[in-house]
Amino acid sequence: MTAPLLSARGLSKSYRSRAAGLVRALDGVSLDVAPGETLGIVGESGSGKTTLGRLIARLEEPDAGTIAFDGEDWLALSGHALRRRRRDLQMVFQDPKGSLNPRLTVGAQVREPLRVQALVAPREIPARVRELLEQVGLEGDTAARFPAQLSGGQRQRVAIARALASAPKLLVCDEPLSALDVSVAAQIVNLLLELREKTGVALIVISHDLAAVSRLADRVAVVFAGRVVEEGPAAEVLSAPRHPFTAALLDARPAPPGVASRTPPRQAAVDAASPGEGCPFVPRCPIARPRCRQEDPPLSEVSPGRRAACFFPAEVRPRSG
Ligand code: ADP
Ligand code: MG
């Protein structure tokens, strides 16, 4: 196996908030991304996915853990060295309205990383901007327009073009589809597939859209309450889950048009385990046994290339129907 491009170990992050006290957003998350690979990260709202993306992109610092990126201690970089290396790891956010500058033309925003990082000669910049816009399916004259003059899908294409300007090795996309209509989201999925093919960029795609993740991702990590509870090849994890939370996510997925919506899984009548004891999923687990209330299952191999944090992975029932 090739050396991973990104290798995170034991990432933890807590926030202190007046309303909720100390919130453990991430609790010892480890993951690897190979060069050119797409890792999907799925999980319900509030499970720590954005925190994970922000730590990897170094928009925030973890309380604990390590990140190796492209052979370097990523967390040790600072100042000029970090600014230089940021070109290799870019981020695309959920809401392109928030991530684009409303006062700058599209061209100015795509030009900026080229200029700041001195990636191409000044006189080649306009041609490179056009090329980047074309690469994301936008007409060259989009460069003269402002974000407010574009549709949501076009804006997300601009955000992707800007992220690709520095020819990154890894692109972290946090819910890149969730501000978009279904048909536009499908086009952005196609675009990401195409760009990955053309540029060889590795992707981390954080999304609650399981259908999109199954199209995009080679591997998937399922996050529950700040931890990875299941991990493996996307096609296998999403068709035959080995953790009951993954099965519940698949069950809760909206039915395709014309198919009767499934009733949500019945929650087991189990009291919440006291903190620090047992499996954190016990209160919602349909297959919990006494052991699950006493011991916290570690993420461990359940079959070659697949890991799950469950004592009874063989009893997890995949989505029926
Ligand atoms: P997700 O992206 O999976 O919805 P987040 O990473 O945004 O989850 O959040 C994980 C948890 O951390 C949530 O409980 C959230 O409220 C909390 N959290 C995230 N960012 C902050 C912050 N800056 N201050 C306080 N709490 C935060
Ligand atoms: Mg989020």
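Predicted model: local features only at pLDDT ≥ 70, side-chain atom pairs only at ≥ 80, totals over all residues.
Residues are numbered from 1 along each chain as its sequence is written, chains are lettered from A and ligands numbered from 1 in the order in which they are written, and side-chain values use heavy atoms, with hydrogens and water left out.

**Exercise 1.** Describe the surroundings of ligand 1.

Solution. 
- Step 1: list the shell, that is, residues with a heavy atom within 4 Å of the ligand. The shell consists of Y15, V23, A25, E44, S45, G46, S47, G48, K49, T50 and T51.
- Step 2: sort these residues. Three are nonpolar, six polar and two charged, where Ala, Val, Leu, Ile, Met, Phe, Trp, Tyr, Cys and Pro count as nonpolar, Asp, Glu, Lys and Arg as charged, and the others, Gly among them, as polar.
- Step 3: look for polar contacts (pairs of N or O atoms within 3.5 Å). A polar backbone atom of G46 is 2.6 Å from an oxygen atom of ligand 1. In the side chain of T50, a polar atom lies 2.9 Å from a ligand oxygen, and for an N or O atom in the side chain of T51 the distance to an oxygen of ligand 1 is 2.6 Å.
- Step 4: take the cover. Of the 560 Å² of accessible area that ligand 1 has on its own, the protein covers 61% (Shrake-Rupley method, 1.4 Å probe).

**Exercise 2.** Which residues of strand 8 are buried on each side, and which strands pair with strand 8?

Solution. 
- Step 1: strands are DSSP runs of E with at least two residues, numbered from the N terminus. Strand 8 covers residues 202-206, and five of its five residues are buried (under 20% relative accessible area, 1.4 Å probe, protein chains only).
- Step 2: A202, I204 and I206 lie on one side, L203 and V205 on the other. In a regular strand the side chains alternate between the two faces of the sheet.
- Step 3: pairing requires at least two DSSP bridges. Strand 3 (residues 38-42) runs parallel to strand 8, joined by four bridges, with L39 opposite I204. Strand 7 (residues 170-174) is also parallel to strand 8, over five bridges, and V172 has I204 as its bridge partner.

Technical notes: Polar contact = N/O pair within 3.5 Å; in protein donor to acceptor, adjacent residues only side chain to side chain. Buried < 20%, exposed > 50% of the residue type's maximum accessible area, 1.4 Å probe, protein only.
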